[in-house]
Amino acid sequence: MSLKIALYIGQYRFPLTPSDIGVEFLEAMRAGRHPIGVVLAHPGDIVLRLAHEYGLPTLPLPEELEYPVDRMRRIFEAPELPPHLRAWLDALRGFATDVGIVYCGGWIPPQLAQTPRLGFINLHPGPLPEFTGYDPEKFLILNHHEQGWGTIHHLADKFDTGNVLRTSEPVPLTPSTTTPELAKLISRQCFKALPGVLDEFTRGIPAGTPQNESRRDYVTRRRGHRESVIQWRRDSHAKLDARLRAFNSLDDGMCLKARRQGRLHVVYDLELHAGDYPGKPGEEIGIYRGPGVYENAPLIRTREGVAAVLFGAAVATPFTAVELAPERLIRAAERPRRTGAEFFEIRSES
């Protein structure tokens, strides 16, 4: 027995290019034994164009599903939906799907969640309930976990709280793991685990395992913005490097920041040197005089030594959105050391 799938591929993924993980998921589902009944994605998403080229039914998501959650709830919890949303839901029901799968989506209104005969499931790229929210990959890196895995669970009204159907095989984290790299590795393991979950649905709706609420922790974007600020007095070199890899490896508006001379600045990159240097953590103790991109970069005292830092513009708050140009993104395989201690010019008064 095969199931007709409603495939919802959301916008919370990176990058939105022909090589992105959403396209990879579409290809994996095309190769599976359960046919795709309809592909749901936001207008302009490459997933819709490719699905159309493959001859798959498509249905662009209404713009309301891009709104903040509070605004979406007001719309979908109102006594009556706007006519265009009622028509959209009728069109979706017309595809008569059995199971819906959400990948990289946001909040799903109940009216949408109830359209497939057996409901929706979600692919979450992190352990649950410990990593509930949008950014589990960042926090796996920030918290120095040795491995991470994904969770396939029933969709529930509250984010990431539905009964767990299966966890994916774990993937290792290394000292060079970046957020996009980890997201793709975990997602691919979820794709491999998904056929077994769908096979369970051929026998009815599997109950799954309730999540342990006492272990729930939230890895929200708001918390991520707060964690994007370097704490010079507290952060070890391992923590500084983890922050850099977590936040500056993708352009999602949430880049690394640090205080300099009393103001909060963007941090594009930094290189760390252990050793005994003058000053206190956070103090600017000298200048890098070597050649290359770090020429004339300030040297900031750290707990364990010094950091040569490429600062950007000042920003108002940790929540200020900042775009990172592609050439500034940190890539795990492209991080040769570009500074040497022999070029440190340490201020004599420090």
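**Inside the core**

Modeller: This is a predicted model. Let's start with Phe25: beyond its neighbours within four places in sequence, Phe25 is in contact with Leu7, Ile9, Ile101, Tyr103, Leu123, Phe191 and Leu194.

Biologist: Nice. Which residues touch the most other members of the largest nonpolar core?
Modeller: Those are Phe25, Leu26 and Ile101, in a core of 62 residues. Helix α7 (residues 179–201) gives the largest share of this core, nine residues.

Biologist: And what does the second core include?
Modeller: That one is separate and has 22 residues, among them Tyr8, Leu40, Leu112 and Ala113.

Biologist: Switching to strands: why is β5 largely enclosed by the rest of the structure?
Modeller: Five of the five residues of β5 (residues 120–124) are buried, so the strand is largely enclosed.

Biologist: Which way do its residues point from β5?
Modeller: Phe120, Asn122 and His124 point one way, while Ile121 and Leu123 point the other way, and all are buried.

Biologist: How about pairing with β4, parallel or antiparallel?
Modeller: Parallel: β4 (residues 99–103) and β5 pair over four bridges. Within that pair, Leu123 in β5 stands opposite Tyr103.

Biologist: And how many bridges join β5 to β7?
Modeller: Four, and there the strands run antiparallel, with β7 covering residues 151–154. On that side, Leu123 has Ile152 of β7 as its bridge partner.

Biologist: Great, thanks!

Methods:
Residues numbered from 1 in each chain as written. Predicted model: local features only at pLDDT ≥ 70, side-chain atom pairs only at ≥ 80, totals over all residues. Heavy atoms only, no water. Core = buried A, V, L, I, M, F, W, Y, C linked by side-chain atoms within 4.5 Å. Buried < 20%, exposed > 50% of the residue type's maximum accessible area, 1.4 Å probe, protein only. Helix = DSSP H or I, 4+ residues; strand = E, 2+ residues; numbered from the N terminus. Contact = heavy atoms within 4.5 Å. Pairing = 2+ DSSP bridges.
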